[in-house]
2 protein chains.
Amino acid sequence: MIQIMKKEQQERKKQLHSMGSRATPGRLEVLSVLEKADRPLNVEEIKKRLKGDSLDQATVYRIINALRDGGLIRQIDFLKTHAYFELSDKHDHHHLICVQCQKIEDFTGCNFQSIVQKALKNSKQFKTVTQHSLELFGLCNTCSKK
Amino acid sequence: MIQIMKKEQQERKKQLHSMGSRATPGRLEVLSVLEKADRPLNVEEIKKRLKGDSLDQATVYRIINALRDGGLIRQIDFLKTHAYFELSDKHDHHHLICVQCQKIEDFTGCNFQSIVQKALKNSKQFKTVTQHSLELFGLCNTCSKK
DNA sequence: TTGCATGCAAATTTTTTGCAGCCAG
DNA sequence: CTGGCTGCAAAAAATTTGCATGCAA
């Protein structure tokens, strides 16, 4: 287990370096928090889950922005006023969100390659797509019974 | 032209009533602003485009939330800290967004019915999807040359 | 008439910024 | 070393709330 953790750490460091950033304890810990999370977290939630609330809020914001711009984490839209984040290496995985109780379920297989190809084929101003967002909103079984 | 405008007004009023809301001048005007917009707008932009900046900011927020919850407008995630909105009746239409210069291009044909069916088939907690978000992020031709 | 909508002002929440000191590379 | 990171404190931006008044249905 410890071995695995170390490998993951190494992997994170490489990723940070490849995006031209330094592998500081703060950044590694934010990544670790998101690694353990079972759902996307907002900035406040990330901050609270850090060991002893250790990082300054300004730092958390700066880290989040750097990681997002570097592509290590992904911003999710839950129709809230502020953003949520998750690791972007959980391959091609998206969410079903209940607009009533906010329940979140993952789903995979959005087959977006064909969507991207189609979109780019018809586009005059774009030739590459580096990321995408896809969320489905509805009512979960519990809420739809009410 | 005036005839057409009146028809649209009537349509809007019906939509508002069907979501259990009153058809006030403010709400109709917000819808009209979004109707004329060539791209999704944030709350501040909507407020500025109202005749003479007529509505209070608190009111604009309350209107936006009501229209979104009622399904008349759609919230778009541009990876910003705050949300953007557009009319939801522009059928099944999404965006290509340049992460560098924020250029926005529309694209259609996301064929999401098959995605939704697939997701629901594998879901234990959901049986219906009422809305979806799909945005593609990348670099536009101009920015990718830099 | 009557309860939903709005304006106004204030509070709260969320995000950003300047600057000095620190540490990963 | 040294330039990127961070903490601290303060400011700015975005969103919400309470209450009195007004208007759509």
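**Entry 1: the two domains of chain A**

I began with the area buried between domain 1 of chain A and domain 2 of chain A, which comes to about 900 Å², with carbon and sulfur atoms giving 55% of it; buried area here is the accessible area, taken with a 1.4 Å probe, that two parts lose on being put together, summed over both. I noted next that Arg74(A), Phe78(A) and Leu79(A) supply 46% of the area that domain 1 of chain A buries against domain 2 of chain A, more than any other three residues.

Before going on I recorded the ground rules: this is a predicted model, in which local features need pLDDT of at least 70 and side-chain atom pairs count only at pLDDT 80 or more, while totals for chains, interfaces and linings use all residues. Residues are numbered from 1 along each chain as its sequence is written, chains are lettered from A and ligands numbered from 1 in the order in which they are written, and side-chain values use heavy atoms, with hydrogens and water left out.

The bounds I used for chain A are 1–89 for domain 1 and 91–146 for domain 2, and they come from an automatic or database domain assignment. The C-alpha centres of these two domains of chain A lie 22 Å apart. I found eleven residues of domain 1 of chain A in contact with eleven residues of domain 2 of chain A, where contact means heavy atoms within 4.5 Å.

I then looked for charge pairing across this interface between domain 1 and domain 2 of chain A, and the rule finds zero salt bridges there; a salt bridge is a side-chain nitrogen of Lys or Arg within 4 Å of a carboxyl oxygen of Asp or Glu. Three residue pairs, both at pLDDT 80 or more, are in polar contact between the two domains of chain A. By polar contact I mean a pair of N or O atoms within 3.5 Å; within protein, one must be able to donate a hydrogen and the other to accept it, and residues adjacent in sequence count only if both atoms are side-chain atoms.

**Entry 2: chain A against chain B**

I turned to the interface of chain A and chain B, where 41 residues of chain A are in contact with 41 residues of chain B. The area buried between the two chains is about 3,700 Å², of which carbon and sulfur atoms give 54%. Across this interface of chain A and chain B I again note zero salt bridges, whereas 24 residue pairs, both at pLDDT 80 or more, are in polar contact.

Among the elements of chain A that each supply at least two residues to the side touching chain B are strand 4 (93–98), helix 5 (112–121) and strand 6 (131–138); helices (H or I, at least four residues) and strands (E, at least two) are DSSP runs, numbered from the N terminus. Strand 6 of chain A gives the most to that side, with eight residues. I divided the residues of the side of chain A that touches chain B into 19 nonpolar, 13 polar and nine charged, counting Ala, Val, Leu, Ile, Met, Phe, Trp, Tyr, Cys and Pro as nonpolar, Asp, Glu, Lys and Arg as charged, and the others, Gly among them, as polar.

**Entry 3: DNA strand D**

I listed 22 residues around DNA strand D, the closest being Arg22(A), Thr24(A), Thr59(A), His17(B) and Tyr61(B); a residue is near a strand if one of its heavy atoms lies within 4 Å of it. Helix 4 of chain B gives the most to the surface near DNA strand D, with five residues.

**Entry 4: DNA strand C**

For DNA strand C I also listed 22 surrounding residues, and the closest are His17(A), Tyr61(A), Thr24(B), Arg27(B) and Thr59(B). Phosphate oxygens of DNA strand C lie 2.7 Å from a side-chain N or O atom of His17(A) and 2.3 Å from a side-chain N or O atom of Tyr61(A). The largest share of the surface near DNA strand C, five residues, comes from helix 4 of chain A.

**Entry 5: salt bridges overall**

My search of the whole structure finds eleven salt bridges over all chains. I looked up the side chains of Glu44(A) and Lys48(A), which meet in a salt bridge at 3.4 Å, N to O; both residues lie in helix 3 (residues 43–49) of chain A, four residues apart, about one turn of the helix.
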